[in-house]
Amino acid sequence: MKVFSQRQIKELENYTIENEPIAAIDLMERAAKKVAATIIKHYDNSRGIIVFAGPGNNGGDALATARLLALENYKVEVYLFNPNDHLSADCEANKQRLDTLANISFNEVTSKFQPPQLNNDDIIIDGLFGIGLNKPLSGGFAALVQFINTAAVEVIAIDMPSGLFCNDNSDNDKRNIIRATRTITFHSPKLSQLLVDNQEYIGKLEVVDIGLSEEKSKELYSDFEIVEAEQVAAMIKSRNAFGHKGSFGHALLIAGHYGMAGAAVLAAKASLRSGLGKLTLHTPIKNNDILQTAIPEAILSHDFSETIFTTAVSSEAYNAICLGPGLGKEPDTALAVLEQLQMSKKAPLVVDADALNILGEHKSWLQELPPATILTPHPAEFRRIQSGSTDAFTHLVDAQTLAQRLNIIVILKGHYTAICAPNGKTFFNPTGNSGMATAGSGDVLSGIITSLLAQQYSPLEASLLGVYFHGLAGDLAQADLEEECLIASDIIKYLPLAFKQLKYFHK
C-alpha cells in the first residue's frame, strides 16, 4: 500500500472525480458515509455528538457526517467556523443540506464563539482542517484546539487531527494540534500518522476506503509504502524436497560476551527456527556450557578470549553473518568489530545491538560497512550513529540518507518499523505490538533476517520478510498471552505459526 503525499491525494481525488466519473459533492458524501459508519460501529446513539467543522472540504466532510448521524437518531450539535465568511463550495452545499433536518442544533461562528457545555460521555468530531495545512494554527483556531484538548471527552478526527501536517512536524507548534482518541483517515495512512512522536495526536488510526481510483493509485510513484501480507507471502521460496542442510544456508552469528549469553541464545534459536540449514556461533569460551545446553543444534566457535569477542572470523565459509547481539563494547571488542567489517566482504552482513553502539562511538568506521549490509537500530542506537535530533521525521530522513549514501539497508525499529532501502524507497511494517518492546526482541529479529540471508533471499527481501514475520509472530503470541506477558522467547515460539499463516496465504 502506497503512502501518498498531500498533493498526490488531491491528484487521486481529481482523477477519480473526472474518470469514475463522480461529482465532488458525491465523493464527499461517500467519505462521510464511511466516517459515520465507523462511528456507529464504535459508539451507540446514547452519546452526544458535537461537530466542529472548518470552512473547507474537511468541514464539508464533518457537516455531511453530522447529517448522517442525525438520521441515525444521534443527538448532534454542529459548530461551523466561518471567520472570513467564505466556505468551500462543497462545505456550503452540506451546510444547506443540514437545513432540511430539524433535530440538529446548528451554529455558524463568524466572530465570537461560545463553547458548548460538554458531558463526559460526549464525543467531539474534529472536522476543522484535514490534510491541507502547511503552517501551524494560530489565533482563534489555536484557542479552539486548546479548548478541545482540555475537554475530558473522546475526540474523533476526520482524515487528520487538525493542526497536524502530513509529513514533517518538526517545526510545528505542538500545543495547537488536536489530540484525537481516534482518527479516521481516507484511502491510506499519511506519513506523519506512521511516526511515533505523532501518536499522541492520532490515537487509534482507522483507514477507510472511499473508492479513489485504483488505476491512478498504481500509476503514482511514492517513496513510501506499507508492507502487505500478500507482498511478503509472494516472496517465500519453496524448499527443495531433495535439499540437505547445506542447501539452506550456513550462517555465522557473532554474539554474547560472558554474562550476555542470552542474546546469543535468542538470536541463534530465531535463526534456526527460520529455515536455516546450519549455524555456527562464535562466542567467548566461558559461554560454552550455556550455549551447548541451550542450543544443541548450533556449532560453537570459541573466541580466544574467555569473556569477550576479540577475534574476527573469516567470512569464506558462510552465506550470511550476524554481528552484535550481546557483544559488549570493550576496546578489544571494538577493534574486533572493525576487523570483522573489513573481513566480511563475501557474505551479506547484519549489524545489530552492541556492534551498532560501537559504530556510534566510531562513526568513521561506517565507511567500512560492505554494500548491502543491514543495520537494525532502535531510535536511541540510531541517534548515536547518525543523528542527535529527537523527532521521528528527522530520524527517518537521516536513515534514508545513510542507506543511500552507503548503499546499505537501515531498519529503523519501532511500532511501524521503517525499512530504508539504498534506492530511496522506505517500507513501513504493519505487524507487531507493544508487548514486543521487551529485552531480546531485537536479537530475535536479527536472527530471523540472518537466516533468510543465508537462504539466498536478497537483503531487501530478507529485511521485509524478517520484519514482517517477527511482528506477525509477536501478534500471534499477543493474541494468546496478552501484551504485558510477552517475552522475547515467545516470539520464537510463535514463528512456526507465523510462517504457516503466510506460507499458505494464497491457498
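Q: Does Lys-216 count as buried or exposed, and what is the relative accessibility behind that?
A: This is a predicted model, and Lys-216 sits in helix α7, which covers residues 214–219. Buried means under 20% relative accessible area. Lys-216 therefore counts as buried, with a relative accessibility of 8%.

Q: Which residue has a side chain joined to that of Lys-216 by a polar contact?
A: Leaving out residues up to four places away in sequence, Lys-216 touches Glu-11, Leu-12 and Tyr-15. The side chains of Lys-216 and one of these residues are joined by a polar contact of 3.4 Å, and that partner is Glu-11.

Q: What domains does the domain assignment give, and what distance separates their centres?
A: Let's step back to the whole chain. The assignment gives domain 1 as residues 2–221 and domain 2 as residues 229–506. Taken over C-alpha atoms, the centres of domain 1 and domain 2 are separated by 41 Å.

Q: What area do domain 1 and domain 2 bury between them?
A: The two domains do meet: 11 residues of domain 1 are in contact with 8 residues of domain 2. Carbon and sulfur atoms hold 75% of the area buried between domain 1 and domain 2, and that area is about 860 Å².

Q: How many salt bridges are counted between domain 1 and domain 2?
A: For polar contacts between domain 1 and domain 2, the count is 1 residue pair, with both residues at pLDDT 80 or more. For salt bridges between domain 1 and domain 2, the count is 0.

Q: What distance separates the C-alpha atoms of Leu-472 and Leu-497?
A: Leu-472 is found in helix α16, and at 8% relative accessibility it counts as buried. Beyond its neighbours within four places in sequence, Leu-472 contacts Thr-431, Ala-498, Gln-501 and Leu-502. Leu-472 and Leu-497 are 25 residues apart along the chain, and their C-alpha atoms are separated by 9.0 Å.

Note on methods. Residues numbered from 1 in each chain as written. Predicted model: local features only at pLDDT ≥ 70, side-chain atom pairs only at ≥ 80, totals over all residues. Heavy atoms only, no water. Domains from an automatic or database assignment. Contact = heavy atoms within 4.5 Å. Buried area = accessible area lost by both parts, 1.4 Å probe. Salt bridge = Lys/Arg side-chain N within 4 Å of Asp/Glu carboxyl O. Polar contact = N/O pair within 3.5 Å; in protein donor to acceptor, adjacent residues only side chain to side chain. Helix = DSSP H or I, 4+ residues; strand = E, 2+ residues; numbered from the N terminus. Buried < 20%, exposed > 50% of the residue type's maximum accessible area, 1.4 Å probe, protein only.
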